[in-house]
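The sequence and structure come first, and my notes follow.

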Amino acid sequence: MISFTVTAVVFGVVFLAELPDKTALAGLVLGTRYRASYVFAGVAAAFALHVALAVAAGSVLTLLPQQIVHAITGVLFLGGAAVLLRKKDDDDEEIRRPENQSFWKVAGAGFMLILVAEFGDLTQIMTANLAARYDDPLSVGLGAVLALWAVAGLGIVGGKALMKRVPLELITKIAAVLMLGLGVWSLWEAVSA
């Protein structure tokens, strides 16, 4: 059974953490060069794979005693908050243009770009933490993949306009505060258990 509360929390945290990341920029660049639906298909497939791997890793953590899981996720959330607060906007990805614009070439270019650029990324690690934290892989996976697809879609369709209206620094700080709160809460549960 899917928990809408867990899905919503995961969606919010992952969405805010990924919005200032290179995904929106990569989606924007690919979206201006190629058919948006082709780009989205490749990017969405790559994110689905990343989320599946992250949820599997997080589910393995649930085999540990609950107090240790809370301590590990708390420390990782605090580390994620620190990374977001120190993040610089110098992440530029080189995007190679496929020779033709067929579905498979364009979707493949989007898939490979995201697969390589996002492997071991903060949101993938955060998704694993959330899967361990909530011990609800389906709800966590759904929230994370929907958030990543939403960011990719925004980047592909209207990333430039969004970034003009919402300061990137504000989005990053909100995501960092949310992660800080989750980290402190997890550590509190580890100590008080």
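**Cavity and its surroundings**

I looked up the lining of the largest cavity and found Phe 47, His 50, Val 51, Ala 54, Glu 118, Thr 123, Gln 124, Thr 127 and Leu 148. Two elements give two or more residues to this lining, helix H3 (36-61) and helix H6 (122-134), and H3 gives the most, with four residues. I note that the model is predicted, so that local features need pLDDT of at least 70 and side-chain atom pairs count only at pLDDT 80 or more, while totals for chains, interfaces and linings use all residues. Residues are numbered from 1 along each chain as its sequence is written, and side-chain values use heavy atoms, with hydrogens and water left out.

For the terms, I took helices as DSSP runs (H or I, at least four residues), numbered from the N terminus. A cavity is a set of points, on a 1 Å grid over the protein atoms alone, where a 1.4 Å probe fits but cannot get out, and lining residues have an atom within 4 Å of a point.

I searched the whole structure and found one cavity of 30 Å³ or more; about 50 Å³ of space lies in the largest cavity, the volume being the space filled by probe spheres set on the points, which are joined across faces, edges and corners. Its lining divides into four nonpolar, four polar and one charged residue, where Asp, Glu, Lys and Arg count as charged, Ala, Val, Leu, Ile, Met, Phe, Trp, Tyr, Cys and Pro as nonpolar, and the others, Gly among them, as polar.

**Thr 123**

I then followed Thr 123, a residue of helix H6 that counts as buried because its relative accessibility is 3% (buried is under 20% relative accessible area, with a 1.4 Å probe and protein chains only). Its side chain makes a polar contact with the side chain of Glu 18 at 2.6 Å (a pair of N or O atoms within 3.5 Å, one able to donate a hydrogen and the other to accept it). Leaving aside neighbours within four places in sequence, Thr 123 is in contact (heavy atoms within 4.5 Å) with Val 14, Ala 17, Glu 18, Glu 118 and Leu 148. I checked helix H1 as well, and Val 14, Ala 17 and Glu 18 are among its buried residues.

**Ala 46**

Lastly I looked up Ala 46 in helix H3, which is buried with a relative accessible area of 0%. Leaving aside neighbours within four places in sequence, Ala 46 is in contact with Phe 111, Ile 114 and Leu 115.

Technical notes:
Buried means under 20% relative accessible area, exposed over 50%, partly exposed in between (1.4 Å probe, protein chains only). On a 1 Å grid over the protein atoms alone, a cavity is a set of points where a 1.4 Å probe fits but cannot get out, and a pocket is an open set with protein on both sides within 12 Å along at least five of seven lines; lining residues have an atom within 4 Å of a point.
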